Amino acid sequence: GCDASILLDGNNTEKTAFPNQSLRGYNLIDTIKKRLEKVCPGIVSCVDIITIATRDAISLATPLTRQEKPWKFSVQTRRMDGKVSSASNTVDLPPPTISVKDSIKLFQKKGLNATDMVFLLGGHTVGVTHCSFIQDRLYNFRNTTKPDPTMNPTLVRVLRRRCPQRRSSGNNTINLDQNRFSSLTVDNSYYKQLLLNKGILRFDQDLASDRRTKNAVKLIAKSTYEEFNINFAQAIVKMQAVDVITNPKKGQIRRSCRAVN
């Protein structure tokens with residue numbers, strides 16, 4: 001996570017835990033690290049690489065400003081890499097079946113409030129999931145043999161073609177933002193889709209109806225994409241400050257992001 005422990009290889013590291021098995025991009029981090037070590041060895045930590053790469057990926061996927069300039073924001077650096085990685089440390093990662101109430105509690109344990117959580121979930125605007133995670137919503141919601149009544153009926157028909165019930169389609173992917181003009185863009189379209197009952201994950205859809213989060217969803221959906229981008233960036237920076245290591249006695253700058261020195 002915020003000490004780059006997710007990058008460490010091993011038999012029982014965070015990388016091997018079920019919630020993290022779909023993560024990608026490790027090779028890109030390796031490439032960046034190798035190039036940095038050639039130019040400035042021992043200076044840039046792996047966690048700083050993750051932080052900056054995340055910022056740049058968001059900026060590249062964000063629409064230009066009204067002044068036709070790339071949208072950028074500042075992030076904090078000079079963090080140290082952790083020396084330990086354990087699969088058991090992923091227990092606080094919210095599963096897709098979690099309730100809004102319980103998810104808020106998990107975020108609060110890390111110093112993040114409900115509004116932070118709603119903004120951070122804006123990352124779903126460029127996210128995907130697999131058919132296997134929504135089969136119940138499409139065909140047998142809570143053992144009713146019917147689809148989830150909170151899902152837009154037109155969307156149910158569309159997704160059933162993508163995720164047929166009796167074929168091996170579990171690995172097929174679905175965009176979490178169903179606006180086809182925006183599914184690769186960081187903006188507030190995801191929230192607008194929730195107000196149309198087009199949330200793909202049940203948890204996402206619950207954000208638009210739960211009393212703790214529905215007002216935030218409505219406000220974000222009605223805001224400009226510039227306003228969303230500012231608040232999304234602030235939430236990202238706040239999350240990146242959770243459980244960081246700045247004491248050289250407790251952390252290190254790894255020579256390889258996959259192993260401790």
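Which element of the protein has the lowest mean pLDDT, and which the highest? Please look closely at the one with the highest.

Reply: The model is a predicted one. Its pLDDT averages 93 over the protein, and 98% of the residues score at least 70. Among the elements, the lowest mean pLDDT, 91, belongs to β1, and the highest, 98, to helix α9, residues 214-222.

Helix α9 has a buried set made up of Ala216, Val217, Ile220 and Ala221. Viewed down the axis of α9, these buried residues fall within an arc of 130°, so they line one face of the helix. An α-helix has 3.6 residues a turn, so residues three or four places apart point the same way. On the other side of α9, Leu219 and Lys222 are exposed. The partners of the buried residues of α9 are α4, α7, α8 (202-207) and α10 (225-240), against which they pack.

An unreviewed UniProt entry lists Thr125, Asp177 and Asp187 under "binding site". These three span 63 residues in sequence, yet no two of their C-alpha atoms are more than 10.1 Å apart, so they gather at one spot.

Thr125 sits in the loop that runs between α4 (114-120) and β1 (128-130). With a relative accessibility of 1%, Thr125 counts as buried. Beyond its neighbours within four places in sequence, Thr125 is in contact with Asp177 and Asp187, and also with Ser182, Ser183, Thr185, Val186 and Tyr190.

Asp177 lies in the loop between β2 (173-175) and α7 (189-195), and at 1% relative accessibility Asp177 counts as buried. The side chains of Thr125 and Asp177 are joined by a polar contact of 3.3 Å. With neighbours within four places in sequence set aside, the contacts of Asp177 include His124, Asp187, Ser189 and Gln193.

A further loop, between α2 (46-60) and α3 (100-109), holds Thr62. Thr62 is buried, at a relative accessible area of 7%. A polar atom of the Thr62 side chain lies 2.5 Å from the backbone oxygen of Ile58. Leaving out neighbours within four places in sequence, Thr62 is in contact with Trp71, Val186 and Asn229. Val186 is also among the contacts of Thr125.

Key:
Residues are numbered from 1 along each chain as its sequence is written. This is a predicted model: local features need pLDDT of at least 70, side-chain atom pairs count only at pLDDT 80 or more; totals for chains, interfaces and linings use all residues. Side-chain values use heavy atoms; hydrogens and water are left out. UniProt positions are given in the numbering used here, feature names are shortened, and annotations may be inferred rather than shown by experiment. Helices (H or I, at least four residues) and strands (E, at least two) are DSSP runs, numbered from the N terminus. Buried means under 20% relative accessible area, exposed over 50%, partly exposed in between (1.4 Å probe, protein chains only). Contact means heavy atoms within 4.5 Å. A polar contact is a pair of N or O atoms within 3.5 Å; within protein, one must be able to donate a hydrogen and the other to accept it, and residues adjacent in sequence count only if both atoms are side-chain atoms. pLDDT is the predictor's confidence in each residue, from 0 to 100. The arc is that of the directions from the helix axis to the C-beta atoms.
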